Amino acid sequence: MQENILELITQALTENRIIDKVHQTEEYHKAKEEETKAYDLLISDLTPQQKQRLDKFLDNATWSTALWEKIAYQQGMKDFLSLLISLL
């Protein structure tokens, strides 16, 4: 039950508050522009098959990173809750 509640809270916060905050950050926009330039340069000399392989790798790497971040965020919430309980 506690995991389900934590999952719902995490999903709500990451889908709303964190995403909004990230997209409002100028540093994030600059980093995305640099990422796009680097990607465009990288794929400019690739064959369609190589590009497909690269895109598949990037999709998988992005997904595993997203899962890692979700787990880390949830653990941070658990640690914060434990701290609050210990202070009571």
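**Entry 1: a pair in α3**

I began with D55 and K51, which are 4 residues apart in helix α3 and so are separated by about one helical turn. I take helices as DSSP runs (H or I, at least four residues), numbered from the N terminus, with strands (E) needing at least two. Before going on, I noted that this is a predicted model, where local features need pLDDT of at least 70 and side-chain atom pairs count only at pLDDT 80 or more, while totals for chains, interfaces and linings use all residues. Residues are numbered from 1 along each chain as its sequence is written, and side-chain values use heavy atoms, with hydrogens and water left out.

D55 and K51 form a salt bridge, with their closest N and O atoms 2.7 Å apart. The rule I used is a side-chain nitrogen of Lys or Arg within 4 Å of a carboxyl oxygen of Asp or Glu. K51 is partly exposed because its relative accessible area is 31%. On that scale, buried means under 20%, exposed means over 50%, and partly exposed lies in between (1.4 Å probe, protein chains only).

**Entry 2: the other pairs**

How many salt bridges does the rule give? The count comes to 3. Side chains of opposite charge can pair when their charged atoms come close.

Next I looked up E35, which bridges to K32 with the closest N and O atoms 3.1 Å apart. Both sit in helix α2, 3 residues apart, or about one turn of the helix. E35 is partly exposed because its relative accessibility is 45%, and K32 is partly exposed too, at 33%.

E34 and K37 also meet in a salt bridge, at 3.6 Å from N to O. They too lie in helix α2, 3 residues apart, about one turn. E34 has 48% relative accessibility, so I list E34 as partly exposed.

**Entry 3: the largest pocket**

Which residues lie nearest the centre of the largest pocket? I found T62, T65, A66, L67 and E69 there, out of 17 lining residues. The pocket holds about 670 Å³ of space.

My pocket search used a 1 Å grid over the protein atoms alone: a pocket is an open set of points where a 1.4 Å probe fits, with protein on both sides within 12 Å along at least five of seven lines, and lining residues have an atom within 4 Å of a point.

Helices α1 (2-23), α2 (26-43) and α3 each supply at least two lining residues, and α3 gives the largest share, 9 residues. By class I noted 8 nonpolar, 4 polar and 5 charged residues.

**Entry 4: a surface patch**

I then turned to F80, L83, L84 and L87, which form a nonpolar patch on the surface with about 410 Å² of accessible area together. Patch members have over 30% relative accessible area and no salt bridge, and nonpolar side chains are joined within 5 Å, like charges within 9 Å. L84 lies in helix α3 (residues 48-87) and is partly exposed because its relative accessibility is 38%.

**Entry 5: one last distance**

K78 is also found in helix α3, and at 28% relative accessibility K78 counts as partly exposed. The C-alpha atoms of K78 and T36 are separated by 35 Å, and the two residues are 42 apart along the chain.

Methods:
Accessible areas come from the Shrake-Rupley method with a 1.4 Å probe; for residues, only the protein chains shown count as cover. Grid points are joined across faces, edges and corners, and a volume is the space filled by probe spheres set on the points. Ala, Val, Leu, Ile, Met, Phe, Trp, Tyr, Cys and Pro count as nonpolar, Asp, Glu, Lys and Arg as charged, and the others, Gly among them, as polar.
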